[in-house]
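Let's take a walk through this structure together, one feature at a time. Have the model open and follow along.

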Amino acid sequence: MRFVAALLLVANATGAADDSWDAGKALNRELGESTGGKVQLIFELRSRVEYRPNQAFGNDADLFADFTRVRFGGTYKPASWLRFSGTAMDARAPLYGTPAPSSARDPLEWHEGFAELRPESKLGFGAVVGRHVVNYVDTRLVGSPQWAYIPRTYDGARVYWRTARVRLEGLFIAPVKLDSSRFNKPVLGEHLVGTYNVVQLNKHVSADLYFLGRRQNRAGGFSGAGSLAVDSFGTRLFGPIGDGYRYSVEAVKQTGQIGGVPHRAYAWAAQVARRFSTIPVDAYVEYKFASGESRPGRSGAFDQLYPAAHDKLGHADVLGWRNVKNWRAQATWTGAPGLSVALMYNNSWLADARDAAYNLQGRPIARSATGMDGTHIGQELDLYFAYRRSGWTAGAGYGRFLAGEFIERTSPGRSPAYAYVFQSYSF
């Protein structure tokens, strides 16, 4: 009966905590008290309506569709050192028109299922084994994009050791392949193996040090001769500067081979950010570079691996981190409880005029036949907002990409746009 009573909590409850109206959180509180903290439920209902005219600069059809996903499951902690978690998901796009691709439609599916050792400990040994989401820092290279219609998950294991200033982690993970006609499964012939470590050197400098080896054979999806073996060696320095400023500098060097061709590529990013508490606004300026194909007989285009790349080069997600030079600036106002309003500007060029412009998935969307069609890809301006109260979020946004000289000369030259409205509820 206590569970039933929790479900009957409604929004007009007064004089209580801010989330007193949230029946899901109330249910989990009751469930935690009744089971000694061993059982918790997981739930998400999310929907988004989008309009994307002039996709791929006019090469692809306009898109108007709705996207809905439901996730439900729970966690069970039989002991302080062990927790099990499982989540099912159902994703649909009923107004897509033509049959929706697997990236947007995935009927009832096993989304996550993993065991976590020592989940609440901040020191010593820990591990995650099974199907789970993975996000490393700012998710430029490895992430589970929640803005995507269907978030990416990975099968595998991550093992780590933590001290007050150091986290050392080893990993073997394979991205789960989406297939709307059957249950999703990984193809272990495509995987990441390596290590991702974080060290706090002092109060102003922390460092990420990582090696990520991407392997892909024919069974794993590589379509060329031989196999793909790309090794990424990277470091990131970050921390506070003072007076509300923060900085981040990241560099990645890649070696290996793609088919029978040697691969040599690199990328870097630098950001300066500041919190203006009196306004209040969070603002930052960022520059990013990723190499392109530089000469015949060698692969030089940066492999962006498996990023959660939404917003990284514009809110409309037109471009990926590959053969690109990009300036990004953003200011986010948070002056009202639960409300955030963001204004973002991006300006992008080709890193190499002889190579293509690439989309978020790393596929070419425009290329010069001569290498003499300029390098300016274009500019993008985005305005979007979100309102959050407890487990509920709603928002809307609009972005406009203005095609530059390179796009006007190598494609239909149309300027993409992105308009959407969304809501989600989770606990």
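A salt bridge here is a side-chain nitrogen of Lys or Arg within 4 Å of a carboxyl oxygen of Asp or Glu. By that rule, the structure holds 26 salt bridges. Before we look at some of them, some ground rules: this is a predicted model, where local features need pLDDT of at least 70 and side-chain atom pairs count only at pLDDT 80 or more, while totals for chains, interfaces and linings use all residues. Residues are numbered from 1 along each chain as its sequence is written, and side-chain values use heavy atoms, with hydrogens and water left out.

Start with Glu286, which pairs with Arg140 at 2.6 Å between the closest N and O atoms. Glu286 sits in strand β15 (residues 281-290) and Arg140 in the loop between β5 (124-132) and β6 (154-162), so this pair ties together parts that are 146 residues apart in sequence. (Strands are DSSP runs of E, at least two residues, numbered from the N terminus.) Glu286 and Arg140 are both buried, meaning under 20% relative accessible area with a 1.4 Å probe and protein chains only; exposed is over 50%, and partly exposed is in between. The two also belong to a network of salt bridges that links Asp138, Arg140, Glu250, Glu286, Lys288 and Arg328.

Next, look at strand β10. Asp208 in β10 (residues 206-216) ties to Arg236 in strand β11 (residues 228-242), so parts 28 residues apart in sequence are joined. Their closest N and O atoms are 3.2 Å apart, and both residues are buried. Arg214 forms a salt bridge with Asp303, with 2.8 Å between the closest N and O atoms. Asp303 is in the loop between β15 and β16 (324-336), 89 residues from Arg214 in strand β10. Asp303 counts as buried because its relative accessibility is 7%, and Arg214 does too, at 12%.

Now for a residue of another kind. Leu383 lies in strand β20 (residues 376-389), and counts as partly exposed because its relative accessibility is 47%. Leaving aside residues up to four places away in sequence, Leu383 touches Val341, Ala342, Leu343, Gly397 and Tyr398, where contact means heavy atoms within 4.5 Å. Tyr345 is 38 residues from Leu383 in sequence, yet the C-alpha atoms are 9.1 Å apart.

Notes. Helix = DSSP H or I, 4+ residues; strand = E, 2+ residues; numbered from the N terminus.
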